[in-house]
Amino acid sequence: MALFKKKADGVVDAAHLTADGQLAWVRAYERRGPTWSDLVLLDRPALVERLKAGKRFYVGDRVEFRASEFDLGAPIRLVERGRRRQPVIVVGQGKAEQDRLEGLPIV
C-alpha cells in the first residue's frame, strides 16, 4: 500500500458480505473537511450513493498514532452490469458480474 498521497474522500478498512456474496456494509473513515471521522458503518446503498456522487473511496488502513494519515490500496469503483444497469462494487480495475472486493478484509 502507498502512504496517503491520493485525494480520498473515504477509506474502507473492512467489509461484510451477504450469503450470496453481495456487499452488506463496510467499515470506513470519511473525510470531514481537513480531518477524518471516526470509524463509521456504511450500508451498501449509502456507499453506492457516495460513489455515484463522485466520492473517491480506497481500501486502506489508518497509520498508527497518525490520525489523518492512511496507507491506501486500490480504489473502490462502481460499475454497472446487465440491461438493468445494476451497480456492482469493484476494488481495483476490471469488470465484474457481482461485487468483487479483492484485498479488502472481510468481517
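Two rings of Phe, Tyr or Trp (for Trp, its six-membered ring) form an aromatic pair if their centres lie within 6.5 Å. By this rule the count comes to two aromatic pairs in the structure, which is a predicted model. The protein chain contains one helix and eight strands, and their order along the sequence is β-β-β-β-β-α-β-β-β.

**Overall form**

- The protein chain has 107 residues and a radius of gyration of 13 Å, which agrees with the value near 13 Å for a compact globule.
- Taken along the principal axes, the box filled by the C-alpha atoms is roughly 45 × 25 × 20 Å.
- Of the 107 residues, 40% are buried.
- The accessible surface of the protein chain is about 6500 Å², and carbon and sulfur atoms hold 50% of that surface.
- Among contacts with a separation of 6 or more, 43% join residues 24 or more positions apart.

**Strand β2 and its partners**

- Strand β2 spans residues 10-17. Six of its eight residues are buried, so the strand is largely enclosed by the rest of the structure.
- With β3, strand β2 pairs in the antiparallel sense over seven bridges. Within this pairing, A15 has V26 of β3 as its bridge partner.
- β2 and β3 make up a hairpin, with five residues between the two strands. In the turn, G21 has a positive phi of about 90°.
- With strand β6 (residues 57-62), β2 pairs in the parallel sense over three bridges. G10 is bridged to F57 of β6, and V12 is bridged to V59 of β6.
- In a regular strand, side chains alternate between the two faces of the sheet.

- D61 is found in strand β6 and stands opposite D71 in β7.
- D61 and D13 are 48 residues apart in sequence, whereas their C-alpha atoms are 5.7 Å apart in space.
- F65 lies in the loop between β6 and β7. Its relative accessible area is 79%, so F65 is exposed, the cut-off for that class being over 50%.
- The phi of F65 is near 65°, a positive value in a residue other than glycine.

**Helix α1**

- Helix α1 covers residues 44-52, and its buried residues are R44, A46, L47, V48 and L51.
- An α-helix has 3.6 residues a turn, so residues three or four places apart point the same way.
- The buried residues of α1 pack against five strands, namely β3 (23-32), β5 (40-43), β6, β7 and β8.
- At the start of α1, the backbone nitrogen of A46 has a side-chain oxygen of D43 within 3.0 Å.
- After α1 comes G54, with a positive phi near 90°.

**Aromatic cluster**

- One aromatic cluster is formed by Y29, W36 and F70.

- S37 is located in the loop between β4 (35-36) and β5. With a relative accessible area of 8%, S37 is buried, because burial is set at under 20%.
- Beyond its neighbours within four places in sequence, S37 is in contact with Y29, E30, R32 and R62. Of these contacts, Y29 also belongs to the aromatic cluster with W36 and F70.
- R100 is placed in the segment after β8 (86-91). The relative accessibility of R100 is 19%, so R100 counts as buried by the cut-off of under 20%.
- Apart from its neighbours within four places in sequence, R100 is in contact with I89, V90, V91, G92, Q93, G94 and K95.

Conventions:
Residues are numbered from 1 along each chain as its sequence is written. This is a predicted model: local features need pLDDT of at least 70, side-chain atom pairs count only at pLDDT 80 or more; totals for chains, interfaces and linings use all residues. Side-chain values use heavy atoms; hydrogens and water are left out. Helices (H or I, at least four residues) and strands (E, at least two) are DSSP runs, numbered from the N terminus. Buried means under 20% relative accessible area, exposed over 50%, partly exposed in between (1.4 Å probe, protein chains only). Contact means heavy atoms within 4.5 Å. Rings of Phe, Tyr and Trp (its six-membered ring) pair if their centres lie within 6.5 Å; planes under 30 degrees apart count as stacked, over 60 as edge-to-face and the rest as tilted. Two strands pair if DSSP finds at least two bridges between them. A polar contact is a pair of N or O atoms within 3.5 Å; within protein, one must be able to donate a hydrogen and the other to accept it, and residues adjacent in sequence count only if both atoms are side-chain atoms. The radius of gyration is taken over C-alpha atoms; the globule rule is 2.2 Å times the number of residues to the power 0.38. Accessible areas come from the Shrake-Rupley method with a 1.4 Å probe; for residues, only the protein chains shown count as cover.
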